[in-house]
Amino acid sequence: MESLGEGHQRTLPLDRNRELLKTAREEIYKTVGDVRLPVYIWEPEADKAPPYPKSVAAFFFSSGWDNGQVAQFAPHCVYFASRGMMTMAFDYRITNRNKGGPLEAIADARSAIRWIRLNAVELGINPGKIVGIGGSGGGHAITSSAMLNGFDDPADILDSSPAPNAIVLFNPVLDTSKKGFGLERFPDAGVAKDANLIRAIRPGLPPMLIMHGTADRVVPFGGTYEFAKKSSKKKNFCRLIEFEGQGHGFFNFNLSFEMYEATLMAMDEFFVELGFLEPDPDAGLGKVD
C-alpha cells in the first residue's frame, strides 16, 4: 500500500517489484529490539562496473510513515545497477509494520547512510558518492539526514556522517507545518517544527533534484516550490522539475511507464552531471516489454 494521507490508501500492483526484489542480495543493516531491518543490494554486472569504487544509489520508499513497500523502487535499482552503480533499497520502521513513525524513519535513514560508509571497503563503493533517494515520507527521512542535527539512533557510530552526498526526491514531505503534511504524526507540534525542513535550509547542502506533481493532493506542491526557491537563494544546487497536472505517486513504474521513464532519465542526467555516473549514449529504456 502507498499512503495517500489519513483515510486514503490505494493498493498498488507491486508483484513485479517484489519479483525484482528477489534478484537482490539481502543483508540486515540495523536491529532495534526484535525488529531486523533489511537492505536489498544490487551489484552491477562485471562489464558494467567501473574500474574504481562505485557510486551508490540508496532508496527509501514512499510512505506517510504508516504504509509503504520496500520493493517500490526495485525497478529503479535494477536500472541504475545496469548503469554501473551499486543500488540499495532500505527498509525502515513504519507504523503499520513495526510501530514506527517519522522519528524512527529519520533515525533509520541516518543509520542506513552510516552503514554504507562504515562498510565502504567491503562493498567496493566510494563513500563520497552516495545518493539518497526517497519518496514522500521516505524523502523527508533521507533529506533530514543531510539537514537536521540530532534525531540519531544512540546505537549508531555518531562520528560517521549520515549525510548523503546528493539527494533525489519524489513528491517529498519537506514542510511538516499545518499547511504541509504530517504535523499530527509527530509526538507534538514542537518536534514537528524541529523536523520542518523548510526551516532548516542553510548554505552548503548536498545537490538536490526534486520531482513533484503540481496536482498532488497529499503532499502540497507549494511546500516543495518554497523549499527549492529558498534553498537556491542560499546558493545551494536545488533543481525542481514540475510535473504539470500529476498527482501523488505519479512516477511509480506501475502507474505510468511514461512518467517513470521521464523521472528515471532526469535522475540519470543528474548523476552524470555530478560525476557519479559515466555518460552512456545508449542510456534509456526503449520499448516496454
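A residue is called buried if its relative accessible area is under 20%, exposed if over 50%, and partly exposed in between (1.4 Å probe, protein chains only). The model is predicted, so local features need pLDDT of at least 70 and side-chain atom pairs count only at pLDDT 80 or more, whereas totals for chains, interfaces and linings use all residues. Residues are numbered from 1 along each chain as its sequence is written, and side-chain values use heavy atoms, with hydrogens and water left out.

Helices (H or I, at least four residues) and strands (E, at least two) are DSSP runs numbered from the N terminus, and two strands pair if DSSP finds at least two bridges between them. Eight strands form an open sheet with mixed pairing, in the order β3-β4-β6-β5-β7-β8-β9-β10. The edges are β3 (25-32) and β10 (238-243); each has a single partner strand, so one side of each lacks a neighbour in the sheet. From one strand to the next the twist averages 20°. Axes are lines fitted to C-alpha atoms, for helices over the stretch in contact, and angles between N-to-C directions run from 0 to 180 degrees.

Strands β8 (residues 166-170) and β9 (residues 208-213) run parallel and are joined by four bridges. Phenylalanine 170 has methionine 211 in β9 as its bridge partner. Helix α6 (residues 136-147) packs on the sheet, where α6 touches β5, β7 (125-135), β8 and β9, and its direction makes about 140° with that of β7. Contact here means heavy atoms within 4.5 Å. Helix α2 (residues 74-82) lies across β4 (35-42), β5 (54-63), β6 (86-90) and β8, and runs at about 165° to β6.

In helix α4 (residues 102-118), 14 of the 17 residues are buried, so α4 is largely enclosed by the rest of the structure.

Rings of Phe, Tyr and Trp (its six-membered ring) pair if their centres lie within 6.5 Å; planes under 30 degrees apart count as stacked, over 60 as edge-to-face and the rest as tilted. The count by this rule is 20 aromatic pairs. Phenylalanine 59 and phenylalanine 73 form a tilted pair, because their ring centres are 5.3 Å apart and their planes are at 35°. Phenylalanine 59 lies in strand β5 and phenylalanine 73 in the loop between β5 and α2, 14 residues apart. Both phenylalanine 59 and phenylalanine 73 are buried. One aromatic cluster comprises Phe59, Phe73, Phe170, Phe243, Phe250 and Phe251.
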